[in-house]
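My notes follow in the order I made them.

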Amino acid sequence: MRKSHPIRRVVLAGAATVSGIVLLLSLKPASDPASAAAAGGAVPPAAAQESAQGGAQAAGTSTSTGDAVQTQYGAVQVRITVAGNKITKSEAVQAPQGGTSTQKTELAVPKLNAAVVAKQSPDIDTVSGATYTSEGYKKSLQSAIDKANAAASAAQPSQGASAPAQGAASKTLTGTVAQTQYGPVQVRITVSNGKITKAEAVQAPQGGTSTQKTELAVPRLNAAAVAAGSADIDSVSGATYTSAGYKKSLQSALDQAGG
């Protein structure tokens, strides 16, 4: 019988060892999350934590849509998202469209949305060049806040809950109509904790130069009423009749509030 050559046996043994190592390497468990999931393994703790955090962000939020407010150029309607008693998002679900109205809407609405989130109230500045849209936006916004407050109170009656602080224990009062040489003026105020938090003209002279004077005077008068907390405010130069009518109607509203 022929004997195997010693060198041949060494070569064969070495080849078997290399093959074994290759097989062991090929059986190494997958370490990436996708491979583990495909193999039926558990999702890594970090991935599970991220998923849980993503779900928590949407918890405790609610939306409230204000009334549609008709303006000279179309309807404006605002929807807000409230989380943790704060307005986290404001958007116009309706706004004037067509011709220059579309351009003004695209200019004004993003600014108004951002202002609401920043100030947490409807007491925001009118966007220059989009007065009607701005005023309609603020009215619908107030309506949305009122609805959010009512919903929060109804959800937690035993705790006397109140939603956004700006609307807590507030009431709205509308003054009598003051007739002026150029048209009627009527003021509506929102009073909270004995203070004027908002003032607006629900009627004011319109047409020709009267419209220009109204757009000039009313925002200033509104701001002055909130700042002074009374009808003792300065008349706007160039809009004397409108200013006088505004103050008369404002005083009437304050009389209803007992102030």
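I looked at helix α6 for a bend and found one of about 25° at Ala217. A proline, Pro219, follows the bend within four residues. I note here that the model is a predicted one.

Next I checked the length of α6. The helix has 20 residues, 209-228, and at 1.5 Å a residue it should span 28 Å. Its end C-alpha atoms are 28 Å apart, so the two values agree. Just after α6, I found Gly229 with a positive phi of about 70°.

Which residues of α6 are buried? I listed Ser210, Thr211, Thr214, Ala217, Val218, Leu221, Asn222 and Ala225. Ala217, where the helix bends, is itself one of the buried residues.

I then turned to the cores. The largest nonpolar core has 21 residues. Ile189, Leu221, Tyr246, Leu250 and Leu254 have the most contacts inside it. The elements giving two or more residues to this core are β7 (183-192), β8 (195-203), α6 and α7 (240-257). Apart from it lies another core, of 16 residues, among them Val76, Ile87, Val116 and Ala130.

I picked Leu250 and asked what it touches, not counting residues up to four places away in sequence. I found Val187, Ile189, Ala225, Ser230, Ala231 and Ile233. Of these, Ala225 is also on my list of buried residues of α6.

How many aromatic pairs does a search of the whole structure find? It finds 2.

One is Tyr73 with Tyr132: the ring centres are 5.5 Å apart and the planes stand at 70°, so I wrote it down as edge-to-face. Tyr73 is in the loop between β2 (69-71) and β3 (74-83), and Tyr132 is in helix α5 (residues 131-155), 59 residues apart. Tyr73 is partly exposed, at 44% relative accessibility. I also saw the charged end of Lys104 over the ring of Tyr73, 6.0 Å from its centre.

Tyr182 and Tyr241 also form an edge-to-face pair, with 5.5 Å centre to centre and 70° between the planes. Tyr182 is in the loop between β6 (178-180) and β7, while Tyr241 is in helix α7, 59 residues apart. Is Tyr182 buried or partly exposed? Tyr182 is partly exposed, with a relative accessible area of 45%, and Tyr241 is partly exposed at 44%. The charged end of Lys213 sits over the ring of Tyr182, 5.8 Å from its centre.

Key. Residues numbered from 1 in each chain as written. Predicted model: local features only at pLDDT ≥ 70, side-chain atom pairs only at ≥ 80, totals over all residues. Heavy atoms only, no water. Expected span 1.5 Å × (residues − 1). Bend = angle between axes of the 7 residues up to and from the residue. Buried < 20%, exposed > 50% of the residue type's maximum accessible area, 1.4 Å probe, protein only. Core = buried A, V, L, I, M, F, W, Y, C linked by side-chain atoms within 4.5 Å. Contact = heavy atoms within 4.5 Å. Phe/Tyr/Trp six-rings, centres within 6.5 Å; stacked < 30°, edge-to-face > 60°. Lys NZ or Arg CZ within 6 Å of the ring centre and 35° of its normal.
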